[in-house]
Amino acid sequence: MIPIRPKQPDGSNSSSPPRRDKQAVHTPSPSRIASKPVPERQLRSPREYQIDQLKRRFSPKETVIDPSTGETSLLFSFKPSDPDFPYDLEKLECDLRIPGEYPRLPARLLVRNKDIPRGFAVNIERGWDRLVEDRKGKGGATLLSVMNALDRGLEGFLAEEKKETVKITVFKDSRHLDGEPSGVVGMGGKEGIEGVPKEVEQPKLEPTPRPYIPLEVFTRDQIAEAKARRAQEVRQLEARMSGLPLYHKSSDGVIYTLPLDPKRRSSLPPGLQSVHSVQLVIPLLYPLQPLRVLLNDVDADEAEAVEELFTQKAVEQKQMGLTSHLNYLATNLHALAKQAAQQKQKAVQAAATAAAAEEGKKTAADEEAKEAEHVASAVDGERGHVHVIPRPLEWTLVNADGSSESEPETDSDDDFELVDGEGGNTSGVTPGTALPTATAERGTAISFPSIELHGIELLQVTLLSLSVKCNRCKTLNDVTSLKSNVEKLASCKKCATSFTVRFRAELVHANSTRAGFIDLSGCTISDMLPSSFIPTCGQCSTPYPSPGFVSVRGESTTNVCRECHARFTFKIPDVKFLTYSSSSSSLPPTSGPKRKDQKLGLHAGDPLPAKGACAHYKRSYRWFRFSCCNKVYPCDKCHQQAEDHVDEWANRMICGWCSREQNYRVENCAFCGRSVVRKRTGGFWEGGKGTRDKVLMRRGDRRKYRNKKDGNKATK
C-alpha cells in the first residue's frame, strides 16, 4: 500500500514522514476496557446456573452423592469437535463432581473410559485441574467454558507422557492349607484315610518351570531394511484400499481394517460366513516380525485357529507383499478353515484315545484291588480253606445250537445270553427295519401331473433350468443348467441380492410323477424353463446317451432308442411346484391383502387371442407382463387404461403364437422361433402402414417429395 501524504492548507505536500499502520498504545487504558456482561441469575446462584448450562449442552445423568454436603455427580459423554482428531477416541465418558459449596470449592473431573489406560486418564484429569486453576478469580469463567477449553486441549493432554500408576492386588494367604495333606480330617492330621498310614506325608507338586525363550535381536541394517520395505508396501496398500468403504487405519499405523470378500463363501463354516472385513496387524519391524490378521464379526473359536494358520503361512512366505497376503487370505480362506477343522478333529481324537487308555488302566487297577480284597476277606472268614475261583470265560460261550459248554444244572439263567432259534440276538434291533429314502422330502417338489410316457420306462431331469423370483425386489431371474445335488449361487440382476438353488433329482416313471426336490434360499420358483431330459427305453432298459433331449412344458418329444431302435415319446403338459414344510406349525399370515393372481386361461402351444395384437399395435404379436403390478397386457396403453398407476418397464413377455411366457426378446420367440413383430416393409407408404421415413422411402412413391411438382417429376 502506498501512503498518501496529507496536504497543507496552502496545497503543498507535507515533508513529514509517512503514516505507519501500527498501534501507538500497546496496553489500553483500564477505563476503556468494557467487561463482559454477567447474567443476573449467575450472580445470584452461580452453581445452579452453571449446572443448567451443562444440562442443556450435554444432557447428563444427575446424581446426588452426599446429601449432607450436597455434592452432585453429572455423568455425560462428549465427542471431540476437532475433525482431524488423531486419536481413536469416539467419546470421552466424563463424571463431573460439583461440590455443594461451589464455586468456593473447585469441581473435579473423573474419566470413566475403560478403553483408555489409567495413566492417560490421569493426564486428562490433571489438565482439567490446571484449566480450573487458570480461570480461578475470573468472573466470566463457568464450567461450560472449562469444558470447551478441555475440548480444545484434549489432544495435548493425550500427547503427554503416560503417568505411572500403581495397581493394588489382594492375594489370599493359603500357605497354611498347603502344608496339610489331602485326605486328613481335622487340624494336625490326627485322623487319616483308611488304609493309608498317618506317618506318610503327601509329596508336594512343584510347578513345572517354563522354558526360556530368548528375545530375537536384529542388527541395524536388518531394521533399516525392514522399515524401508514396510513403508513401501504400506504405501501400496493405502493407495489400493483407501477408497473402499470399510477401510480404516489406526492412529499408530499398525492396524488396518480392510474389506474381505472370500472367493468361496458358501464353503466356509457357518461361523465364518459372515466375515466382511479383516484387521491386518502390521508390526513396526515387518517382515522381521510376523504378520497377523483378526477376522471381524465371526465366531471367535473358529476364527482363532484360522488366524494362527495364516500367521504360520505368512512366516513361511516372507517374500510375499501385504497385498499378496491379503489376496491369499481371500482366495484360500475356505482351505484354511478346513485345515483348522481337521487339526481340531485330530486333537479331539487324540484326547479321547488318551482318556480311554487312562480309563482302561484305572479299571484294571480297580479289578485287581477288588480281587485282592475278596481273597483277603475269604482268608479271614470262617471257611478260610475255601478259595473262590472266578468263573472261566469258556463257560459263558454260546454254541451254534443254542446250548452252553459245561452247563451245570445249578446255574441260574442269568449267567447265559438268551438267543433265538437261528442264533440271532433277541436284544438287538428288530429285523425288517425300513431303509431311509434316497431323497429327503423337504424343500419344493417339482412334478409333472399329466405327463405322457410312451415306450419309456424311466425319465430323469439331468439339467434343470428355472425362473426364480427374488424375495427382496420380486424380480424374475433365470437359473440354468442345475445339476443334481450341486448347489448354485447367483445374485439378483436388479438388487444384487444373493440366493442359492439346489436340485435333488428323482426318477419319473408310470407310478411317480415327481421329478425331484428344489432347495431354495432367498428366492421362490416361478416357472420351469427348457431343460434336459434323459429317457430310458421301455423295451431294452437302455438310457439315452447324454446330454439327452431339451424339452419344455407343452412340447412333445419323439425319438428312437439307440440300442433296440424302439420308438418312444414323452410330453409334459403341465408343471406343478409343491412346497414341503419341515415343521407342523402353519406358516405366519402375510402382511396386507393378498394379491389376486390374473387368470389368463392360456395353454402352451395354442396362439393368443388375435395372436397377441391389440387396437393400439396391430402388428405386435405378444403380451407383456409389467413388473409394477405383475399383470399381463398387450401394450403400455392398454395397461394405462386398465390400471391407475404408472407403468414400469416389462421384462417378461408371452408369445402370441405359442402362449409361452419368457424373458423379453426383441424380435422372435425363444421357444417357437416365430417373429413377434411385423417384418420390414418394401419402402412404400402402403396407406400409412409401410415406410413413413422419406429418406428410406422408394423414389417411385409420390409421398417421397413434398410438393406436387416433385411428385409429377417422380412419375416421369
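At what angle do helix H3 and helix H4 pack, and how far apart are their axes? In this predicted model, in which residues are numbered from 1 along each chain as its sequence is written, local features need pLDDT of at least 70, side-chain atom pairs count only at pLDDT 80 or more, and totals for chains, interfaces and linings use all residues. Side-chain values use heavy atoms, with hydrogens and water left out.

Helix H3 (residues 118–134) packs on helix H4 (residues 143–159) at an angle of about 135°, and the two axes are 9 Å apart. This makes H3 oblique to H4, where angles under 35 degrees count as roughly parallel, over 145 as roughly antiparallel, 65 to 115 as roughly perpendicular and the rest as oblique. Axes are lines fitted to C-alpha atoms, for helices over the stretch in contact, and angles run from 0 to 180 degrees between N-to-C directions. On the H3 side, the contact (heavy atoms within 4.5 Å) is made by Phe120, Asn123, Ile124, Gly127, Trp128, Arg130, Leu131 and Val132. H4 contributes Leu143, Val146, Met147, Ala149, Leu150, Leu154, Phe157 and Leu158. By class, the residues of this contact are 13 nonpolar, two polar and one charged; Ala, Val, Leu, Ile, Met, Phe, Trp, Tyr, Cys and Pro count as nonpolar, Asp, Glu, Lys and Arg as charged, and the others, Gly among them, as polar.

H4 also packs with helix H2 (residues 46–58), the axes coming within 8 Å and crossing at roughly 45°. H2 and H4 are therefore oblique to each other. Gln50, Gln53, Leu54, Arg57 and Phe58 of H2 meet Leu143, Leu144 and Met147 of H4. The residues of the contact of H2 with H4 comprise five nonpolar, two polar and one charged. Leu143 and Met147 of H4 take part in the contact with H2 and in the contact with H3.

The chain has ten helices and 25 strands, assigned as DSSP runs (helices H or I, at least four residues; strands E, at least two) and numbered from the N terminus. Of the 716 residues in the chain, 29% are buried, the term meaning under 20% relative accessible area, with exposed over 50% and partly exposed in between (1.4 Å probe, protein chains only). Among contacts between residues at least 6 apart in sequence, 46% join residues at least 24 apart.

The whole structure holds 13 aromatic pairs, counted for rings of Phe, Tyr and Trp (its six-membered ring) with centres within 6.5 Å; planes under 30 degrees apart count as stacked, over 60 as edge-to-face and the rest as tilted. Tyr247 and Tyr256 form a tilted pair, at 6.4 Å centre to centre and 45° between the planes. Tyr247 is buried at 18% relative accessibility, and Tyr256 is buried at 1%. Phe626 and Tyr633 have ring centres 6.4 Å apart and planes at 55°, so this pair is also tilted. Phe626 is buried at 5% relative accessibility, as is Tyr633 at 12%. Phe58, Phe76 and Phe78 are linked into a cluster by ring pairs; Phe58 is also among the H2 residues in contact with H4.

Several backbone features fall in loops. A cis peptide bond, with omega about 10°, joins Tyr102 and Pro103, and Pro103 lies in the loop between strand E3 (92–98) and strand E4 (108–111). Another cis peptide bond joins Ser546 and Pro547, with omega about 10°; Pro547 is placed in the loop between strand E17 (531–537) and strand E18 (549–551). The loop between E17 and E18 also holds Ser541, a residue other than glycine with a positive phi near 55°. Ser541 is partly exposed, with a relative accessible area of 43%.

Lys611 likewise has a positive phi, near 55°, and is found in the loop between E21 and E22. Its relative accessible area of 39% makes Lys611 partly exposed. Ser620 lies between strand E21 (576–580) and strand E22 (622–626), in the loop, and is buried at 14% relative accessible area. Apart from neighbours within four places in sequence, Ser620 is in contact with Lys611, Gly612, Ala613 and Val676.
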